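Please keep the sequence and the model in view while reading.

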Amino acid sequence: MEEIEIKGRTYTIKKLPVMQQFHVMRRMAPILAAFVDGIPSGADIANSMASFDLTKIGEEIAALSDKDSEYILNTCLGAVLYRDPEAERDFKIQVRPGVMAYEFIELPEILQLTGAVIKLNLSGFMAAVPSATSDKGAA
């Protein structure tokens with residue numbers, strides 16, 4: 001688990017069960033592949049952002065079906081708790097999939113929280129994926 005603060009509010013990001021990680025990862029595979037293509041090898045890390053093809057990444061996100069998009073968002077948001085400072089305890093941010101418990105959680109927060117869940121849960125997978133350039137010359 002890790003905490004993230006957005007607009008002065010504290011959220012806890014939990015690990016997803018491994019099968020949910022798998023299903024999120026497989027739905028995101030084309031998007032992840034677009035990111036992996038942009039991961040630099042060796043000393044070119046300083047210029048890494050320039051190497052990402054944001055158009056390709058955007059196209060892959062746009063190509064997701066509504067069902068897959070909602071699965072990713074709902075699964076990720078299901079792993080987020082909000083720390084209520086008055087009650088001094090954590091609460092789920094979703095009443096049920098697709099319905100937020102708090103009106104202050106809007107699209108920017110949803111996307112940031114989803115990104116944090118993906119980062120926590122899939123970063124090990126991304127580290128294990130070789131980049132297209134790192135395999136060159138290996139035979």
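Arg83 is partly exposed, with a relative accessible area of 35%; the classes are buried under 20%, exposed over 50% and partly exposed in between, using a 1.4 Å probe and protein chains only. This is a predicted model, in which local features need pLDDT of at least 70 and side-chain atom pairs count only at pLDDT 80 or more, while totals for chains, interfaces and linings use all residues. Residues are numbered from 1 along each chain as its sequence is written, and side-chain values use heavy atoms, with hydrogens and water left out.

The side chain of Arg83 meets that of Asp90 in a salt bridge, at 2.9 Å from N to O. A salt bridge here is a side-chain nitrogen of Lys or Arg within 4 Å of a carboxyl oxygen of Asp or Glu. Asp90 is partly exposed as well, at 28% relative accessibility. Side chains of opposite charge can pair when their charged atoms come close.

By this rule the model has 4 salt bridges. One of them joins the side chains of Lys7 and Glu109 (2.9 Å, N to O). This pair links distant parts of the chain, 102 residues apart: Lys7 is in the loop between β1 (2-6) and β2 (9-13), and Glu109 is in helix α5 (residues 107-128). Helices (H or I, at least four residues) and strands (E, at least two) are DSSP runs, numbered from the N terminus. Lys7 is exposed at 61% relative accessibility, whereas Glu109 is buried at 3%.

Another salt bridge is formed by Arg27 and Asp68, whose closest N and O atoms are 3.1 Å apart. It also links distant parts of the chain, with Arg27 in helix α1 and Asp68 in helix α4 (residues 66-77), 41 residues apart. Arg27 counts as buried at 14%, and Asp68 as partly exposed at 24%.

Which other residues lie in helix α1? Gln21 is one of them. With a relative accessible area of 17%, Gln21 is buried. Its side chain makes a polar contact of 3.2 Å with the side chain of Asn121; such a contact is a pair of N or O atoms within 3.5 Å, where within protein one must be able to donate a hydrogen and the other to accept it, and residues adjacent in sequence count only if both atoms are side-chain atoms. Apart from neighbours within four places in sequence, Gln21 is in contact (heavy atoms within 4.5 Å) with Lys15, Leu16, Asn121 and Leu122.

Met19 is also found in helix α1 (residues 18-37), and Met19 is exposed at 51%.
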